[in-house]
Amino acid sequence: MVPDDLEVKEEEGSNMEIDVKSKNDNEIIFIIRDADFTFVNAIRRICMMEVPKVAIEDVHIVKNDSAMFDEVLAHRLGLVPLVSDAEATESLLLPEDCDCDDTCPRCTVSLVLKKKGPGVVYSKDLVSEDSKIKPVYDTIPLLKLKEDQEVELEATAQLGIGLDHAKWEPTTACAYKYYPEITIAETCDECQNCVEACPRGVLEFDQKTKEVKVVDVENCSMCKSCVRVCETKAIDIGYQEGNFIFLVETDGSVPPEEVLIKACDVLSKKADSVITFCEGGI
Ligand SMILES: [Zn+2]
């Protein structure tokens, strides 16, 4: 039987609200209300560390006449973001989920680079056997070739997660902060020092009403520069318990909303294994 207090907690949890503040191809900022920070932090960590993306893992260098060492070139290739959205990776398996002994076309994608100098070799010169899994950006410089210098290599890319190597992290920034709350008391003497001290344009002095106004509370980083310059101690920076501003920025390999969906899938699977364990009898 479920204890009464557990039921109350479930109800509280179901009130969570989400509002999207801004969104583009590589970044999403949204506000979560009435959530627990442990839950928000779990999502953040999974977005960074456990959502798979494709990256180059092995490089077979046939020829490299350039001044760049083979291992430096291989490392650089590993960091080139490759398209890894759901559509591109639909039929690609994680190496640990594949039943092959080493590598096979079901768990790896091959990319070939062959170029003769002079000139700069860019990420667009990497030719993939899979038209969907290719470099996200065309103009990442890889190396420089002088007259008659050549580079020839074959690279194999595979799915992986950030826990194993940072090159498999789909996010370049993934963070949340408490929703700031700024209060200005009546002791304010309109000196406007706080308006000038704020590095992010959060405060403004209203010439009509002659008072300091909060114009962009969500941009506040809680640095408290305003608090330090206020001689009358009229301004206070706090935060709203349970409300967060969450940012997910990706390297372009996976759309940010897809990172979030996959992170929730991972979390849900973890919860499922606990359920299976409990139902199996402790
Ligand atoms: Zn395989």
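The legends below describe close-up views of a predicted model. Residues are numbered from 1 along each chain as its sequence is written. Because the model is predicted, local features need pLDDT of at least 70 and side-chain atom pairs count only at pLDDT 80 or more, whereas totals for chains, interfaces and linings use all residues.

**View 1**
Nine residues from domain 1 and twelve residues from domain 2 take part in the contact, two residues being in contact if their C-beta atoms, placed from the backbone, lie within 7 Å. The side of domain 1 that touches domain 2 has four nonpolar, two polar and three charged residues; here Ala, Val, Leu, Ile, Met, Phe, Trp, Tyr, Cys and Pro count as nonpolar, Asp, Glu, Lys and Arg as charged, and the others, Gly among them, as polar.

**View 1. The largest nonpolar core, with Ile56 and Ala157.**
This core has 26 residues, and Ile56 and Ala157 are those with the most contacts inside it. A nonpolar core is a set of buried Ala, Val, Leu, Ile, Met, Phe, Trp, Tyr and Cys residues joined through C-beta atoms within 7 Å, and a residue is buried if 20 or more other C-beta atoms lie within 10 Å of its own, exposed if 12 or fewer, and partly exposed in between, with C-beta atoms placed from the backbone. At least two residues of the core come from each of β3 (53–64), α3 (70–78), β4 (109–116), β7 (141–145) and β8 (150–160), and β8 gives the most, with five residues. Helices (H or I, at least four residues) and strands (E, at least two) are DSSP runs, numbered from the N terminus. Not counting residues up to four places away in sequence, alanine 157 touches Val54, Ala55, Ile56, Glu57, Leu82, Thr108, Val109, Leu111 and Ile133. Another core, of 15 residues, lies apart from the one shown and has Ile28, Ile32, Phe246 and Val254 among them.

**View 2. The open sheet β3-β8-β4-β6.**
Four strands form an open sheet in the order β3-β8-β4-β6, with antiparallel pairing, where two strands pair if DSSP finds at least two bridges between them. β3 and β6 (127–128) are the edge strands, each pairing on one side only. Ten bridges link β3 and β8 in the antiparallel sense, and lysine 63 stands opposite glutamate 152 in β8.

α2 (37–49) has 13 residues and reaches 18 Å from its first C-alpha to its last, close to the 18 Å expected at 1.5 Å a residue, the expected span of a helix being 1.5 Å times one less than its number of residues. Its buried residues are Ile43, Arg44, Ile46, Cys47 and Met48, and the buried residues of α2 pack against β9 (171–184), β12 (235–250) and α6 (256–279). For the 24 residues of α6 the span should be 34 Å at 1.5 Å a residue, and its end C-alpha atoms are 35 Å apart, which agrees. Pro256, Val259, Leu260 and Ala263 are the buried residues of α6, and what covers them includes β2, α2, β9 and β12.

β10 (203–206) and β11 (211–214) pair in the antiparallel sense over four bridges, and phenylalanine 205 stands opposite valine 212 in β11. The two strands form a hairpin with four residues between them, and lysine 210 in the turn has a positive phi of about 55°. Lysine 210 is exposed, since 8 other C-beta atoms lie within 10 Å. Aspartate 216, in the loop between β11 and α5 (225–229), also counts as exposed because it has 12 C-beta neighbours inside 10 Å. Leaving aside its neighbours within four places in sequence, aspartate 216 is in contact with Gly201 and Val202.

Most residues other than glycine have a negative phi, and most peptide bonds are trans. Glycine 117 and proline 118 are joined by a cis peptide bond, with omega about 5°, and proline 118 lies in the loop between β4 and β5 (119–122). Aspartate 34, in the loop between β2 (27–33) and α2, has a positive phi near 60°. Aspartate 34 counts as partly exposed because it has 15 C-beta neighbours inside 10 Å.
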